[in-house]
Amino acid sequence: MYSVVQTLLIIDAILIIIAVLIQPSKQQDALSALSGGAADLFGKQKSRGFEAVMERVTVVLGILFFVFAIWLAYLSSH
């Protein structure tokens with residue numbers, strides 16, 4: 001059981017990396033990088049389409065990562 005959960009954790013970690021890498025960039029230009037993106041703070045829009053799906057996928061994969069990590073810690077202590 002330990003090796004199955006460990007394999008699931010590794011697969012989930014790889015999927016999180018892939019999901020983060022394929023998310024579209026939210027930075028429009030170099031000026032917002034230098035100014036810290038303060039203009040985007042008050043102009044925040046709800047993401048739609050592909051961005052919304054990728055945000056949800058990343059959140060679900062992150063939650064699964066912590067569940068698998070806690071489960072693996074429990075299995076290793078017993």
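A search of the whole structure, which is a predicted model, finds one aromatic pair. The rings of Phe65 and Phe66 have their centres 5.9 Å apart and their planes at 85°, so the pair is edge-to-face, given that planes over 60 degrees apart count as edge-to-face. The chain that holds this pair has 78 residues, with four helices and zero strands.

**The aromatic pair**

- A pair of aromatic rings is described by the distance of the centres and the angle of the planes.
- Phe65 counts as partly exposed because its relative accessibility is 28%, a value between the limits of 20% for buried and 50% for exposed.
- Phe66, with a relative accessibility of 56%, counts as exposed, since the cut-off for that class is over 50%.

**The chain as a whole**

- Read from the N terminus on, the elements of the chain follow the order α-α-α-α.
- Of the 78 residues in the chain, 18% are buried.
- The accessible surface of the chain comes to about 6,300 Å², and carbon and sulfur atoms account for 70% of that surface.

**Helix H1**

- Helix H1 covers residues 2-21, which is 20 residues, and its first and last C-alpha atoms are 29 Å apart, close to the 28 Å expected at 1.5 Å a residue.
- The buried residues Val5, Leu9, Asp12 and Ala19 belong to H1, and, seen down the axis of H1, its buried residues fall within an arc of 90°, so they line one face of the helix.
- An α-helix has 3.6 residues a turn, so residues three or four places apart point the same way.
- The exposed residues Ile17 and Leu21 are carried by the face of H1 that is turned away from its buried side.
- H4 is included in what covers the buried residues of H1.

**Thr58 and its contacts**

- Thr58 is found in helix H4, which spans residues 50-77.
- When residues up to four places away in sequence are not counted, Thr58 touches Ala19, Val20 and Gln23; of these, Ala19 is one of the buried residues in H1.
- The side chains of Thr58 and Gln23 are also joined by a polar contact of 2.7 Å.

Notes: Residues are numbered from 1 along each chain as its sequence is written. This is a predicted model: local features need pLDDT of at least 70, side-chain atom pairs count only at pLDDT 80 or more; totals for chains, interfaces and linings use all residues. Side-chain values use heavy atoms; hydrogens and water are left out. Helices (H or I, at least four residues) and strands (E, at least two) are DSSP runs, numbered from the N terminus. A polar contact is a pair of N or O atoms within 3.5 Å; within protein, one must be able to donate a hydrogen and the other to accept it, and residues adjacent in sequence count only if both atoms are side-chain atoms. Contact means heavy atoms within 4.5 Å. The expected span of a helix is 1.5 Å times one less than its number of residues. Buried means under 20% relative accessible area, exposed over 50%, partly exposed in between (1.4 Å probe, protein chains only). The arc is that of the directions from the helix axis to the C-beta atoms. Accessible areas come from the Shrake-Rupley method with a 1.4 Å probe; for residues, only the protein chains shown count as cover. Rings of Phe, Tyr and Trp (its six-membered ring) pair if their centres lie within 6.5 Å; planes under 30 degrees apart count as stacked, over 60 as edge-to-face and the rest as tilted.
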